[in-house]
Amino acid sequence: GNQPKVEANILVLGAEKVGKSALTVRFLTRRFIGEYGDIESIYTHSVRIGDRDVCFSIWDSVCPQASELQGWVSEKQLRWADGFILVYSICDRSSFQLARQQLLRIRQLKRRGGVEKAPVILVGNKRDLQHRRAVSSEEGRLLALSTNSGFFEISAAETYHGALVVFHELLDMVRDSRSSG
Ligand code: GDP
Ligand code: MG
């Protein structure tokens with residue numbers, strides 16, 4: 001049959017090793033495989049929400065290494081994406097700072113392009129590593145609140161549920177942002 005039309009492009013961003021691929025693969029396959037390599041991939045996937053199939057693409061990005069590119073989100077990525085998942089590790093403060101920079105850049109550039117409400121979800125991953133926590137839940141929640149973003153702390157290693165909720169919530173936000181013009 002005909003391929004369903006892709007209705008949303010979701011970009012997964014964040015520092016290296018925070019679990020961008022683990023979150024993406026967990027959502028797509030329900031599994032955690034531990035090691036993912038540094039390959040950039042775009043997946044197409046559909047989910048049934050209510051009585052319809054929603055088809056969307058997920059771009060699992062690779063963070064550029066050079067320090068001058070910290071916080072960089074390319075024009076191409078920004079133009080492509082309808083919604084953003086910004087991942088940091090609760091054990092890695094610098095990854096939280098990078099997520100903040102990327103979040104502000106998305107807001108700034110989308111606003112310049114006339115988009116007031118680009119849907120963003122901030123994700124604190126590796127919640128299973130409580131003993132190594134370096135970013136409090138409160139800090140994550142406040143950053144999300146001050147930038148009009150969604151917020152979840154999850155463990156891609158431990159559960160499927162967190163990944164599921166993150167993607168479904170973002171798809172809802174993309175749909176709402178369209179219906180409100
Ligand atoms: P990416 O570079 O952001 O795509 O990160 P990866 O998905 O490749 O994950 C980097 C490392 O962190 C891998 O060794 C994963 O097994 C590990 N990892 C990812 N998510 C979690 C998590 O929720 N908890 C723990 N403990 N480790 C995780
Ligand atoms: Mg990766």
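## Helix 3 and what follows

Gly114, which has a positive phi near 90°, comes after helix 3. Helices (H or I, at least four residues) and strands (E, at least two) are DSSP runs, numbered from the N terminus. The model is predicted: local features need pLDDT of at least 70 and side-chain atom pairs count only at pLDDT 80 or more, while totals for chains, interfaces and linings use all residues. Residues are numbered from 1 along each chain as its sequence is written, and chains are lettered from A and ligands numbered from 1 in the order in which they are written.

Helix 3 has 20 residues, 93-112, and at 1.5 Å a residue it should span 28 Å; the expected span is 1.5 Å times one less than the number of residues. Its end C-alpha atoms are 29 Å apart, which agrees.

A residue is buried if 20 or more other C-beta atoms lie within 10 Å of its own, exposed if 12 or fewer, and partly exposed in between, with C-beta atoms placed from the backbone. In helix 3, Ser95, Phe96, Leu98, Ala99, Gln102, Leu103 and Ile106 are buried. They lie on the same side of helix 3 because they cover an arc of only 160° around the axis; the arc is that of the directions from the helix axis to the C-beta atoms. An α-helix has 3.6 residues a turn, so residues three or four places apart point the same way.

Ser94, Gln108, Arg111 and Arg112, on the other side of helix 3, are exposed. The cover over the buried residues includes strand 1 (8-14), helix 2 (75-80), strand 4 (83-89) and strand 5 (120-125).

## The nonpolar core

A nonpolar core is a set of buried Ala, Val, Leu, Ile, Met, Phe, Trp, Tyr and Cys residues joined through C-beta atoms within 7 Å. The largest one has 45 residues, and Val12 and Phe84 are among those with the most contacts inside it. Helix 5 gives the most to this core, with seven residues.

Two residues are in contact if their C-beta atoms, placed from the backbone, lie within 7 Å. Leaving aside neighbours within four places in sequence, the contacts of Val12 include Leu23, Ile58 and Ile85.

## Leu129

Leu129 sits in the loop between strand 5 and helix 4. Leu129 is partly exposed because 15 other C-beta atoms lie within 10 Å. Not counting residues up to four places away in sequence, Leu129 touches Ile90 and Cys91.
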